[in-house]
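Please keep the sequence and the structure in view while reading.

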Amino acid sequence: QVQLAESGGGLVQPGGSLRLSCTASGTRFSIYTMGWYRQGPGKQRDLVASITPKGDTNYGDFGKGRFTVSIDNAKRTVYLQMNDLKPEDTVVYYCYADCEVDDVMRGYWGQGTQVTVSS
């Protein structure tokens with residue numbers, strides 16, 4: 001199994017920045033993709049950005065322009081740098097990873113981290 005541990009959420013003023021981190025841990029697994037989704041109350045979970053170990057990125061509509069995803073393969077950690085944050089960015093951000101464990105591919109989710117943008 002794979003566990004995802006997120007950190008970096010919190011309260012920030014409009015126009016401010018935050019960096020989210022998510023570290024994957026477990027035994028005998030390979031990472032194919034890691035990334036971030038966001039979900040507001042009563043809304044669907046939407047892609048923010050994803051990245052492969054090779055550095056290929058994919059940004060959803062919410063991630064384009066102000067957010068940057070990166071990965072540290074040695075640490076098995078994905079980051080989301082969020083700049084110029086707006087009140088509408090106030091949602092829960094979930095880390096996601098597609099991993100192969102014992103030849104079985106599946107997706108894993110973190111527990112979510114709240115980001116609140118408010119003055």
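The model is predicted. It has one disulfide, and the largest nonpolar core has 30 residues.

**The disulfide**

- A disulfide is a covalent bond between the sulfur atoms of two cysteines.
- Here Cys 22 is joined to Cys 95, with 2.0 Å from S to S.
- The two cysteines lie 73 residues apart and link distant parts of the chain: Cys 22 belongs to strand β3 (residues 18–26) and Cys 95 to strand β9 (residues 91–101).
- The link between Cys 22 and Cys 95 is left-handed, with -80 degrees about the S-S bond.
- Cys 22 and Cys 95 are both buried.

- Cys 99 takes part in no disulfide.
- The cysteine sulfur nearest to Cys 99 belongs to Cys 95, at 9.0 Å.
- Cys 99 has a relative accessible area of 0% and is therefore buried, the cut-off being under 20%.

**The nonpolar core**

- Within the largest nonpolar core, the residues with the most contacts are Leu 4, Met 34, Trp 36, Leu 80, Met 82 and Tyr 93.
- At least two residues of this core come from each of β1 (2–7), β3, β4 (29–39), β5 (46–51), β7 (67–72), β8 (77–82), β9 and β11 (113–117).
- Strand β9 supplies the largest share of this core, six residues.

**Contacts of Met 82**

- Leaving aside residues up to four places away in sequence, Met 82 touches Gly 16, Ser 17, Leu 18, Leu 20, Arg 66, Phe 67, Tyr 93 and Val 115.

Conventions: Residues numbered from 1 in each chain as written. Predicted model: local features only at pLDDT ≥ 70, side-chain atom pairs only at ≥ 80, totals over all residues. Heavy atoms only, no water. Disulfide = S-S within 2.5 Å. Helix = DSSP H or I, 4+ residues; strand = E, 2+ residues; numbered from the N terminus. Buried < 20%, exposed > 50% of the residue type's maximum accessible area, 1.4 Å probe, protein only. Core = buried A, V, L, I, M, F, W, Y, C linked by side-chain atoms within 4.5 Å. Contact = heavy atoms within 4.5 Å.
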